[in-house]
Amino acid sequence: MRRVSRRRLLGLGVALVGGAAAGCGPLAGLDRLPPRAAPTAVPSGTVGYQDLVVGFAQIGAESAWRVANTVSMKETADALGVELKFADGQQRQDNQIRALRQFIAMQVDVIGISPVVESGWDDVFREVKDAGIPLVLVDRRADVPDDLYASYLGSDFREEGRNAARVMAGLVHGRASIVELVGTLGSAPANDRYAGFREILDGYPDLRIIASESGDFTRAKGREVMASVLRNFGRQITALYAHNDDMAMGAIQAIQEYGLRPGTDVTIVSVDGIHDAFQAMVDGTLNATVECNPLLGPQFYELALKVVNGRSVPKWVPSKESVFLADAAQQILPTRKY
Ligand code: GYE
């Protein structure tokens, strides 16, 4: 049953092509996290963190959430002594597919991937499986048969959408004309935050979505799309639901430029819980953020090690999350890690 690490097979220190080594320099403005994780005791005869070679196909750097996620993955690898091959997909599925094929060629022990969109993964995931490499989905799910991945580590995006609607309903007392800024089209969080929000809205006849458009999870697109929606609907708009904080930050600027007061004339709820969102709540321009935790490094490597050692793991490992309202923002801001 024992599976020997590929790094051991290849001999330690063997040069595996490409891929940045773990632990790129600190990124300005982000609290350093996670703390040095103590390597868990490894029973003899099994693979330990120091033996593990991991390929991680990241989406890109589209948001503060993503940047914090990358830092967590790299710093945790460093702390544990895991050898990380990191690939930045620059938000493109074809880049991520290419990265997976490179990881197969490198014979890594385990692959992690955050799939930019849900569909179109069957073929390459099957190649990974045929190569005998276990695959863990990190942050985003893919729409593939269960046998093509070992586990999914990430959030309940549908529940985040429901929570956003619940908090919105309370803030606007059940009546609003809402603009929705959707995330990357076809991505798991955009699909689920869209659906979850509507589930709750069904119970509120006076909460109406008057416009729904993608801002691709970026600040620049959030601003651009909000400006164009404002040109069409102007003061009719009384609320904004953004699938992430970065788009909300961009939209806040567009609302101010239009001459309305974000947080007052337009009630705003978004998702992630980034530092800037807490600052915006302190400033009164954002009303609530639904937390989505990007600090997945420690849980990921723990899962990866178990999988490589042939131990059973749950098909879904959910991350813990809350909802934050503006009145608590001042107190909570200093404790935020991303
Ligand atoms: O909400 C957004 C990022 O997949 C949960 O991706 C993640 C989302 C996050 O770009 O900010």
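**Helix faces, strand pairing and a buried phenylalanine**

The model is predicted: local features need pLDDT of at least 70, side-chain atom pairs count only at pLDDT 80 or more, and totals for chains, interfaces and linings use all residues. Residues are numbered from 1 along each chain as its sequence is written. Helices (H or I, at least four residues) and strands (E, at least two) are DSSP runs, numbered from the N terminus.

Helix α4 spans residues 122–130, and its buried residues are Val124, Phe125 and Val128. Seen down the axis, these fall within an arc of 100°, so they line one face of α4. The arc is taken over the directions from the helix axis to the C-beta atoms. The buried residues of α4 pack against α3 (93–106), β3 (110–113) and β4 (135–138). Contact here requires C-beta atoms, placed from the backbone, within 7 Å of each other. Glycine 132 follows α4 with a positive phi, near 80°.

Helix α9 (residues 275–283) buries Ala277, Phe278, Ala280 and Met281. They cover an arc of only 160° around the axis, which puts them on the same side of α9. Their packing partners are α8 (245–258), β9 (267–272), β10 (288–291) and α11 (329–332). The glycine that follows α9 is residue 284, and its phi is positive, near 85°.

Strand β1 (residues 53–58) is mostly covered, with six of its six residues buried. In a regular strand the side chains alternate between the two faces of the sheet. Both faces of β1 are covered: Val53, Gly55 and Ala57 are buried on one side, and Val54, Phe56 and Gln58 on the other. Six bridges join β1 to the parallel strand β2 (residues 83–88). Two strands are taken to pair if DSSP finds at least two bridges between them. Glutamine 58 has aspartate 88 as its bridge partner in β2. Strand β1 is also joined to β3, in parallel, by four bridges. Here valine 54 stands opposite valine 110. Together, β1, helix α2 (residues 64–80) and β2 make a right-handed β-α-β unit. In a right-handed crossover, with the strands pointing away from the viewer, the path from the first strand over the helix to the second runs clockwise.

A six-stranded open sheet has the order β7-β6-β8-β9-β10-β12, with mixed pairing. Strands β7 (207–214) and β12 (323–325) stand at the edges, each with a single partner strand, so one side of each is left without a neighbour in the sheet. From one strand to the next, the twist averages 20°. Within this sheet, β6 (residues 176–182) and β8 (residues 239–242) run parallel and share four bridges. Valine 179 has leucine 240 as its bridge partner in β8. Helix α5 (residues 157–171) packs on the sheet and touches β7, β8, β9, β10 and β12; its direction makes about 160° with that of β9. Axes are lines fitted to C-alpha atoms, for helices over the stretch in contact, and angles run from 0 to 180 degrees between N-to-C directions.

Phenylalanine 300 lies in helix α10 (residues 297–308). This phenylalanine is buried, with 26 other C-beta atoms within 10 Å. Leaving aside neighbours within four places in sequence, phenylalanine 300 is in contact with Met73, Gly112, Val136, Val138 and Leu153. Phenylalanine 300 and glycine 154 are 146 residues apart in sequence, yet 9.6 Å apart in space, C-alpha to C-alpha.

Conventions. Buried ≥ 20, exposed ≤ 12 C-beta atoms within 10 Å, placed from the backbone. Contact = placed C-beta atoms within 7 Å.
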